[in-house]
Every structure is written in structure tokens, then in C-alpha cells.
Amino acid sequence: VRFTRNELMAFLEGKGIDTRTLFMSIPTQCKGLDFLGHKLGDFSNAEYVGRQGIHVGVHQGLGKEECDYFLETIEEFLNNHS
């Protein structure tokens, strides 16, 4: 791994791009569903996203300029961590 989720989030936040860690594997990482009987490892891809994924907010007011800025910012981050 060349970077952590926290490093990416801090970089984006520093560039004015809001992020959140909203993801989880519903059946295995959400304690409210323990009664279903699933265990960690049952949904490995979803669990990986739950541990490593980030949410970047989008809305109808974003235009091409904002989307281009986001992509350029991601590219800058990746170039700095390659």
C-alpha cells in the first residue's frame, strides 16, 4: 500500500474536498445485524470497502469545473504517491 485512507482524506480535505468514511459491510460490520449470524470474512469485498472506502459528496450543483478539479486533485495525490 502506497498510502492510507487517512492520507488520501487529509489531502482531499486540504484541497477543499469533503470526505467521509460512511461505508461498511452491512451484514458483518453493522452491529445491529449481528442476529443474522454472518461473520467477518463472509463478505470480504464489502468488508474491504468498509475498512478502506471513502465517500465524496456529490450533488446536482456540481459542474464540469468541479468534477475536473476533483480528478486533477486525485491525479496530483496519486502522482505524489507513485
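## A walk from the pocket to the rings

Start by selecting Gly 16, Ile 17, Asp 18, Val 56, Gly 57, Val 58, His 59, Leu 62, Glu 66, Cys 67, Tyr 69 and Phe 70: together they line the largest pocket. Keep in mind as you go that you're looking at a predicted model.

How much space lies in this pocket? About 290 Å³. Now colour helix 4, residues 64–80. That helix supplies the largest share of the pocket's lining, with 4 residues.

**Next stop: Thr 19**

Select Thr 19, which you'll find in strand 1 (residues 19–20). Is Thr 19 buried or exposed? Its relative accessibility is 4%, so it counts as buried. To see what surrounds it, show the side chains of Met 9, Leu 12, Glu 13, Ile 54, His 55 and Val 56. Thr 19 touches each of these, leaving aside residues up to four places away in sequence.

**Last stop: the rings**

Now for some aromatic side chains. How many aromatic pairs does the structure hold? There are 2.

For one of them, select Phe 3 and Phe 77 and look at how the rings sit. Their centres are 4.8 Å apart and their planes meet at 85 degrees, so this pair is edge-to-face; planes over 60 degrees apart get that label. Phe 3 sits in the segment before helix 1 (5–14) and Phe 77 sits in helix 4, so the pair ties together parts that are 74 residues apart in sequence.

Phe 3 is partly exposed, at 27% relative accessible area, while Phe 77 is buried, at 1%.

What about Phe 11 itself, buried or exposed? Phe 11 has a relative accessible area of 19% and is buried; the cut-off for that is under 20%.

To finish, show Phe 3, Phe 11 and Phe 77 in one go: they form one aromatic cluster.

How values were computed:
Residues are numbered from 1 along each chain as its sequence is written. This is a predicted model: local features need pLDDT of at least 70, side-chain atom pairs count only at pLDDT 80 or more; totals for chains, interfaces and linings use all residues. Side-chain values use heavy atoms; hydrogens and water are left out. On a 1 Å grid over the protein atoms alone, a cavity is a set of points where a 1.4 Å probe fits but cannot get out, and a pocket is an open set with protein on both sides within 12 Å along at least five of seven lines; lining residues have an atom within 4 Å of a point. Grid points are joined across faces, edges and corners, and a volume is the space filled by probe spheres set on the points. Helices (H or I, at least four residues) and strands (E, at least two) are DSSP runs, numbered from the N terminus. Rings of Phe, Tyr and Trp (its six-membered ring) pair if their centres lie within 6.5 Å; planes under 30 degrees apart count as stacked, over 60 as edge-to-face and the rest as tilted. Buried means under 20% relative accessible area, exposed over 50%, partly exposed in between (1.4 Å probe, protein chains only). Contact means heavy atoms within 4.5 Å.
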